[in-house]
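Here is a short briefing to read alongside the model. Take a look at the structure first, then follow the points below.

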2 protein chains.
Amino acid sequence: MRSIQVPLALWLQAGDAAGGGAYLYAVLGISVIGIIVAALLAKLVISEDAGTPEMRRISDAIKKGAEAFMRRQNRTILSLAAVLAVIIFISYSVSSGGVGLATRMTISFVLGAVCSTLAGFSGMWVSIRTNIRVAAAARSSLSGALQVALRGGAVTGFSVVGLSLLGVASLFLVFGGLDDPTRVPSQIVAFGFGASFVALFAQLGGGIYTKAADVGADLVGKVEAGIPEDDHRNPAVIADLVGDNVGDCAGRGADLFESTAAENIGAIILAAALYPAFGIKGILFPLVAGALGLLASIVGVFAVKGHEEADPMHALNRGFYVTVALATAGFGGAVYLLLDGNWNYFFAGLLGIATSFLFVFITQYYTEVQYRPVQSIAKACLSGAATNIISGFAVGLECVALPVLVIVGAILGSYYLGVHAGIANVSTHSAGLFGTAIATMGMLSTAGYILAMDTFGPITDNAGGIVEMSHNQASAESDLVRSRTDRLDAVGNTTKALTKGYAVGSAALAAFLLFSAYINEVKRLTHLPPEAAFPIDLGQVPVFAGALLGAMLVFLFSSFAIKAVGNSAQTIIEEVRRQFKADPGIMAGTSDPDYSTCVDIVTRSALKEMIVPGLLAVASPVVVGVVFRQFHAGATAVAAFLMVGTIVGVLMAMLMNNAGGAWDNAKKYIEMGHYGGKGSEAHKAAVEGDTVGDPFKDTAGPSLHVLIKLLSTITLVAAPLFL
Amino acid sequence: MRSIQVPLALWLQAGDAAGGGAYLYAVLGISVIGIIVAALLAKLVISEDAGTPEMRRISDAIKKGAEAFMRRQNRTILSLAAVLAVIIFISYSVSSGGVGLATRMTISFVLGAVCSTLAGFSGMWVSIRTNIRVAAAARSSLSGALQVALRGGAVTGFSVVGLSLLGVASLFLVFGGLDDPTRVPSQIVAFGFGASFVALFAQLGGGIYTKAADVGADLVGKVEAGIPEDDHRNPAVIADLVGDNVGDCAGRGADLFESTAAENIGAIILAAALYPAFGIKGILFPLVAGALGLLASIVGVFAVKGHEEADPMHALNRGFYVTVALATAGFGGAVYLLLDGNWNYFFAGLLGIATSFLFVFITQYYTEVQYRPVQSIAKACLSGAATNIISGFAVGLECVALPVLVIVGAILGSYYLGVHAGIANVSTHSAGLFGTAIATMGMLSTAGYILAMDTFGPITDNAGGIVEMSHNQASAESDLVRSRTDRLDAVGNTTKALTKGYAVGSAALAAFLLFSAYINEVKRLTHLPPEAAFPIDLGQVPVFAGALLGAMLVFLFSSFAIKAVGNSAQTIIEEVRRQFKADPGIMAGTSDPDYSTCVDIVTRSALKEMIVPGLLAVASPVVVGVVFRQFHAGATAVAAFLMVGTIVGVLMAMLMNNAGGAWDNAKKYIEMGHYGGKGSEAHKAAVEGDTVGDPFKDTAGPSLHVLIKLLSTITLVAAPLFL
């Protein structure tokens, strides 16, 4: 069988480069278009009215704080990345690959790290300039404000997806992928690792920052001093608003950058096993599907038009449906052109799109006020904080069940669609794995739009804060403006929650794809044919030990992430207390608090606290692989470590995200007037639950998404060390 | 190779029965001795002074409530078991086994269920009669009270271990194990399943009861009405004291009954693979080691003598050291006699004993007041309930790391000791697996003593309650008596926490053993030789799906267990409020509350609430196996379900147990006078944490121990359905 395949492959390869080239250049072109559209949108948004001088004062403070944090954070992360780049170069130089492979790996890694940093930074750069324009636009109309906010968010969405595609596609081109399409994919895995590495620290640092500032501002401001949220007398208020940008906006941007990068690369590696069937077209399929999804997202964003009276969520949903419809059509076209119109694979893609829908609905069910879970938590607040916590935690534990069933269904369904796709010349297992890869591509095809909706959240949150802080006296006009930004903010909270569901869903679906890519990579390195068996047998002691350690890493990493928030919050609490004590004029409203010291303190603390969990995540898989290599089981123990770590990580992330979201909304439900409303005993209990949920849903949970994918990319890159 | 082994095995078998018989009868004799000693101890304890009429009034109320609950619970559980017995009989009759095997399986299952029920009930029967004798003895001396409490606890310890050994050994004898030692072990697996089945419901029902009563009594009594703990005016106080018996005492008894049963059976199945090397002696080794451990525990209990001035924990520790020393010596003797003095296996046993020590130390570190974790939680109480919860949860997440490293070390160490034991005629994998089995045996050899220490906890807790409730006026004498029972109670809290560490540690260590036994069983059923490869390959889609579902089950089961406590607590809260309102004389102390209605209500509610999580646990593995059978992967998907479910279950149980224990002791630390002491804001925050921890550490956590082993035994029994 194999003896036939090799000459067949060589023959296909020779005549294939030309056909593949057109598609590759199309991908490059579309990704550049995406980046240009992002730049034009940025220009368009910035040309909008920038509000009153009072507003600008607040907005400038946020801008200054956020940019200072990002600069320092990027410097820290890129220094760590530089050290790692050297390690990668040396390891690959001394291993069998030689200097040539080492150079390529290092270039990929550095490019991944730089593109990820760039995408995160440029998205945030625009967001912190959009918030004030949204506040200004809200003075005249809701629909105008909505459009500005979404277009500002779309800058992040398009630049993230565009840069990710551009990076992978250019590496593929430059490394000669058109001539050697089956070997080049494994040379660009380091691009995914670079992206994950930056994303992990960006999400950790941003997540610690945002929640430390939030908890610190609330505990001293709302609880001790009794002043409302976003009050300009609170010295930590600017830090809190900065946090929304660096955590939610830059963090999630980095998260989805690495998702698209890592999952594109994983899919390409799996597609390499289908080379005998589809040639280079199969390998380029993931990139083409992603590029068409980007185009669909661009159209979707421009299709959003708000109405003054209607729920802004409807407008956003309409844009999403447009995107989904176009992405589905694009997917069908890509299947027709690149996969010989094999409809089994098209249906696998539809399964992925359906999965993203189901995840969004399930997340809504568990975190929105109109359903049983949040209402049961709100009711538990009647007997105090403890019953609130117990009840929310029980909801968090419960909420993993349906998503797991959906994922199991999607993976089994797409795998067997692939198995029965009737592909000649390749093993049914490879054909099935490609089915799961295509389902993941389907899920990710709308990433651009989803990310635009997500970034909408921190922008409107900030806009509300700017309106609140810039109007010292209440007036009918300012009330109207604030009510508009409040409505947008409420929608933003929903879109943020949905994106987390989407991100964890795509991580779960991609888990199997990336794991399979790792196995393929190990086979390639050990010169086994793709169709050879390479069992990760849980019945072997080292494999079992690896599985146990993988599950343990997730628990330990979450613990560090949560403790980091507590430690950083402590530093800001002390500073706010100190300022209130040193200058009584702050509370009286006669003198301004020192915002920038708070920003500075939480910046330093968050950057310090992100190092330990970050290095733990990076070092653990390598240590496990190198140690178990002594038992001749490095590659298999790491595989189990990766797999079980991913499973536990996905469940733990869902627990953290949804319990946190549910506590937050249980508080909102009570504030809507139930169980005694604001200020009641039940409300106090609900506030405690919300505070517990903050580091869960905004630090540990999102960091776990990134951890999962980091484990996949680092094991792909470090595989030669385990053999 | 195999062609040599078969005649060799037949030849060995013929000459082996006589030698094996002596050991088997010795095991039967020792287990009967254990039960007789338990009966004598019960008689001895009951002959002690039964205190004042006032004390007896309280004690009788506890006795009545506990016995009523146990009777109803046993009726419910045994009805469910009867249904299951019929299902087992029918399934095995129609499957390849025929009526003969079906009868044996059903007998094993029923015997396991009955013995487990009997052990739990008799232990509790004595405990609820011991509590008042401890209270009475505390009037004259601390050491006398200590001895009575430990001996009362030892009744549970010895009857549990004795009945477990007796059950397995008699089935082995009656089913003709002496003549057919390699096939009979798999006919008695249903004994373990029967024990697990009863244990699951006993632990769930008891755990829900104890925490619902505790939370209910505290929330209305301490928080709403402002009366102290154990105050006789609280209508739920008797239900609370009953809960200590049915949850901690009967629940943990059932837990360790199934541990010893399931792990003995698993070890015997693995030993069957070593038949060519050690003959029947190897198969009987686990039982002999267990029997010698029981003798060691008996000596240990009688070695405990308290001193008036010294810390009672020292006396208990001395007894433990005596037990460990004797059990180690016995282990060495058993290795010498039964395993040809193969010292590698002796060292594997020592590794198991060392693991139990390390687990106890790590549990102490994470849950006792003198170490960093509890102190950091207490400090977090200064900024309120939310930071207390966050900090305790972070400790719970962190605490899994060291135990996982210990387990990985123990499993790898004992496996490679087995691999290098130089056993002829068997595969190195089988020899290695037997090493892990022996490590588990080592860990479990002290189970009798550990269980006696554990049952000491609820007995002294109850004794304190009786003293408190029977002295309406404070006096110097009653203060002295209460201070003695308080000291014993504090030690009891420690021993309870340690036993949980021990139970989860043995579950973790046994996980691999039981999993391997399942694989061996599947091989036997599919007529594969023991040395054949049967990989549970995580790279296969159905296997991965099974793993995902196993992890999900643990989350969902925990959610149900926690919610059950909340639901039951709600019913008792309403009843207590109703009584306070209907009869103001209760609070004034002029009329007695209606204790028995509270007992009755929580009994009914707990029994109702245990059904759903119980059936979920029993049905899930069967459903997974039967569904994935359609994908020709029933046996492997279930294996991954079992394995990953076990890993996640062990970690989640540690999280729940230790976070709960740490919150409890953080509260105690503040009550010792730190951070403002009792009544301060920090103390209020600590009380919230303690309440959150209650269902974690006393319901969900312990139920997860049982769940893990239930998954193992049910998959062993239901294996033919998956093929």
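Helix H2 (residues 53–94) of chain A gives the most to a nonpolar patch, with four residues. Helices here are DSSP runs of H or I with at least four residues, numbered from the N terminus. Please keep in mind that this is a predicted model, where local features need pLDDT of at least 70, side-chain atom pairs count only at pLDDT 80 or more, and totals for chains, interfaces and linings use all residues. Residues are numbered from 1 along each chain as its sequence is written, chains are lettered from A and ligands numbered from 1 in the order in which they are written, and side-chain values use heavy atoms, with hydrogens and water left out.

**The nonpolar patch**
- The patch lies on the surface and consists of Val86(A), Phe89(A), Ile90(A), Val94(A) and Val99(A), with about 460 Å² of accessible area together.
- Val94(A) belongs to helix H2 of chain A, and it counts as exposed because its relative accessibility is 68% (exposed is over 50%, buried under 20%, partly exposed in between, with a 1.4 Å probe and protein chains only).

**A buried threonine**
- Thr363(B) sits in helix H9 (residues 343–367) of chain B, and its 5% relative accessibility is why it counts as buried.
- Beyond its neighbours within four places in sequence, Thr363(B) is in contact with Ala497(B), Leu498(B), Gly501(B) and Asn658(B) (contact means heavy atoms within 4.5 Å).

- The same surface serves both copies, as 100% of the contact residues of chain A recur in chain B.

Definitions and conventions. Patch = residues over 30% accessible without salt bridge, like charges linked within 9 Å, V, L, I, M, F, W, Y side chains within 5 Å. Areas by Shrake-Rupley, 256 points an atom, 1.4 Å probe, with all protein chains shown as cover. Salt bridge = Lys/Arg side-chain N within 4 Å of Asp/Glu carboxyl O. Helix = DSSP H or I, 4+ residues; strand = E, 2+ residues; numbered from the N terminus.
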